[in-house]
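Colleague: Before we look at the model, could you take me through how its features should be read, starting with the contacts between chains?

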Amino acid sequence: MEERIGVFVCHCGSNIAGVVDVKRVAEELGKYPGVAYSTDYTYMCSDPGQTMVKEAIKEHNLSGVIVAACSPTLHEATFRRAGRAAGVNPYQVEIANIREQCSWVHQSDKEAATEKAIKIIKTMVEKARLDEALDPIAVPMTHKALVVGGGIAGIQAALDIANAGYETILVEKGPSIGGHMAQLSETFPTLDCSQCIMTPKMVEVAQHPRVKMMTYSEIEDVSGYVGNFKVKIRKKAAYLDRDICNGCGLCMEKCPAKTPSEFDEGLADRKAIYTPFPQAVPNKPVLDREHCLYFTNDGKCGVCKKICPVQCVDYEQEDEIIEDEVGAIVVATGYDLYPIENLGEYGGGKYPDVITSLQFERMLSASGPTEGEVKRPSDGKVPETVVFLTCCGSRDPEAHMPYCSKVCCMYLTKHAMLYKHKVHDGQAYVFYIDVRTAGKGYEEFYTRAAEEDDVLYLRGKVSKIFQEDGKVVVWGADTLSGKKVEIEADMAVLGLATVPNAAARELANMLKIHTDEWGFLAEAHPKLRPVESLAPGFYLAGAAQGPKDIPEAVAQASGAASKVAHLFAEEEYHREPIIAWIDEDTCAGCRVCVSVCPYDAAEFDDEKGIAVIKEAICEGCGACIAACPSASAQQRNLTDEQVYRMVSAALEG
Amino acid sequence: MFEPRIVCFFCKWCTYAGADLAGTSRKQYPPNGVVVRLNCSGRLDPQHVLWAFREGADGVLIGGCHPGDCHYQDGNYKTMRRAAFLKRVLSDMGIEPERLHLEWISAAEGDKLVNIMGEFVDRVRDLGPLELAHAGGRGNGGAKPADKPAATKKTAAAPESAKGAEKPAARKS
């Protein structure tokens, strides 16, 4: 049968048509063998554009469709649906990418861009010529989700998925869920206490009948694909049976070994057997082997074991690997602060009274090391002057991170305000580049700090901080008055940049999901798919995807959860059928495909003496096809013949 | 000025997405390359590269995910070995191995794609047009390999083997 291919060239307003001569392209393609109809239109993805495609399919009895427009990642699905509605198999609808890979990158050479657009479309016509009608492959799906990270984003995602009716595993690497939000004092712009709004959620998720919470656990391995992931979770040895432990806390009270508390950002000590904070969920300790005297001093301590009333301490405990199956994974691994060590001009962490924003949060917290009193770390004195610095490591493309960390303007405003509420006659300075207050009630909050709480905002950067004679000396500039500023302060608080959690980067590598160049998880589309990864089955929530405040993290988590629920609404998962197949007539049974398949989808059929592909497992990577010496392994709708033809078309003219 | 013809085989997860990012960032690069999108650089059969040169390509650029980042575990390592092997074969055939280039470009590396594309086009331009000794390059009208099972078994349409014969042998210069 002669192919009857329709070519639809989109102007994308002036995005394509401003560079590529779309009329000429449509005309040229109309003359190309196998093309039965060719046209152009302003916005092919609009309702009238899609209608035009559908009507042309019927009117011209088209067997295949090429839409020459933006990248297939944007509208391939749109036009495949349109094609199906008009009777063309979705897998015979192809996108020719003449925007991202042509008009947008060759703006100064319209002639060359037009020539290239023609070639690009011809390659897709050649591909479409041999495209088969395919159906998605239905595979069974595990209706259970995994949420990685037990901060506010992970908690919200787990709650929403569980409340939608699906089993959920919530994995947190620390001993308690809660994340950074549990460390915060009060939250902008309402100044409600972070723990007061956080802890009920922590309890709710821990007690949810459909949530299996695994703290002190890490993802060891993930294999499989959307709908059918196999996960291995390492349950780290806590050296006590947390199922038996009743959380009485006697062990923590008696433990003689101390080390700086991570939760209190080093402003206080914790014991070697510890819960990170009193409201921890679960409120059961873990034993930190590195600082435990039993482990570091040849078994000479053992106090916790002796004192435990339920005898749950077990020094012989080992890590345990738990295996499970899930259908979707939400990654909510959160953020870290940019290392203070990298800011040598501000002392790099060597001055005790130059502290990080999270340290100040702990200091302000009623349950923190100073019980909410502002006392400088060096001598416990109440500071009379405090300088707050925004953009410590942010918006500094030469030396540090180029991006805006988004939350620092607001939390430093909050810090300055809370400091003034606690030390009424104190002086708070905030150095800023711009005060960014884009959020509901944020600008009002900032105005309140400046006007009602007399926080002094200085527009300029601080060049140097040093500690001298018990003072923290801050050298900066006020660019509005054009004067140099020197402040002899008692304490300085650095609004350090938000960076992705270090462990999250490794995890992203293991999961094979994209990150941006800074390690933040990359969303499938920056505007229209902000809660999904490009890798199917992975969803993103919270600051792991980019700096964000609490309401944004919660909103994104709920968005990710709704995407998971959407996926789980179907009984089966429908996979792309662009997979491998073996020509039984020519396969010589050499088993090269079996040896190169990363998924064990190619296997040797003893009876037939040839290789066969297991359709439910094949991911369509094409490794077997490239390796097959007799070209018997082929890929559906991307056969070698299609590649040859595309190459020839790319070189024509 | 001689404008080389370049075929780019890009994996859809990393390099193709990197090329899209270059587009959304409006970065400009020379228009010499046309992209063939593959699921994985490991899908690339060495014969695809030889075919490209036979059909008149002056250069072939392969783009895949960085080592360790392959969406399909290790397809890019297979490509790495194949590219090394191919360079030897090309050399034996009298084709400068520099006409084939493999680069790891991630979805976040739009800038890198732009730089590599520019450098590669310059390099191939310096090498000049590829003249194949046996056939005289593009436009020789040669038949496509007839023994491709996909062509004969799975498709009703036979390759238009004479298509190339109508094209002039002259290069655009």
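Modeller: A polar contact is a pair of N or O atoms within 3.5 Å, where within protein one atom must be able to donate a hydrogen and the other to accept it, and where residues adjacent in sequence count only if both atoms are side-chain atoms. With that rule, 22 residue pairs, both at pLDDT 80 or more, are found in polar contact across the interface of chain A and chain B. This is a predicted model, in which local features need pLDDT of at least 70 and side-chain atom pairs count only at pLDDT 80 or more, whereas totals for chains, interfaces and linings use all residues. Residues are numbered from 1 along each chain as its sequence is written, chains are lettered from A in the order in which they are written, and side-chain values use heavy atoms, with hydrogens and water left out.

Colleague: Which elements of chain A give two or more residues to the side that touches chain B?

Modeller: Elements are DSSP runs numbered from the N terminus, helices being H or I with at least four residues and strands E with at least two. Those on this side of chain A are helix 3 (72–85), helix 4 (99–103), helix 5 (110–129), helix 17 (623–627), strand 34 (633–635) and helix 18 (640–650). Helix 18 of chain A gives the most, with nine residues. Counting Ala, Val, Leu, Ile, Met, Phe, Trp, Tyr, Cys and Pro as nonpolar, Asp, Glu, Lys and Arg as charged, and the others, Gly among them, as polar, the residues of this side divide into 29 nonpolar, 21 polar and 17 charged.

Colleague: How many salt bridges does the rule find across the interface?

Modeller: A salt bridge is a side-chain nitrogen of Lys or Arg within 4 Å of a carboxyl oxygen of Asp or Glu. The rule finds one across the interface of chain A and chain B; the side chains of Asp640(A) and Arg43(B) meet in a salt bridge, at 3.1 Å from N to O.

Colleague: What area is buried between chain A and chain B?

Modeller: The size of an interface is often given as the accessible area lost when the parts come together. Buried area here is the accessible area (1.4 Å probe) that two parts lose on being put together, summed over both. Between chain A and chain B that area is about 5500 Å², of which carbon and sulfur atoms give 58%. In chain A, Gln101(A), Tyr644(A) and Leu651(A) lose the most area to chain B, together 14% of what that side buries.

Colleague: In what order do the elements of chain B run?

Modeller: From the N terminus on, the order in chain B is β-α-β-α-β-α-β-α-α, which comes to five helices and four strands. Buried means under 20% relative accessible area, exposed over 50%, and partly exposed in between (1.4 Å probe, protein chains only). Of the 173 residues in chain B, 54% are buried.

Colleague: Which residues have a positive phi although they are not glycines?

Modeller: Tyr239(A) has a positive phi of about 60 degrees and lies in the loop between strand 12 (228–235) and helix 8 (250–254) of chain A; Tyr239(A) is buried, with a relative accessible area of 8%. Arg26(B) also has a positive phi of about 60 degrees, in the loop between helix 1 (15–24) and strand 2 (33–38) of chain B, but Arg26(B) counts as partly exposed, at 34% relative accessibility.
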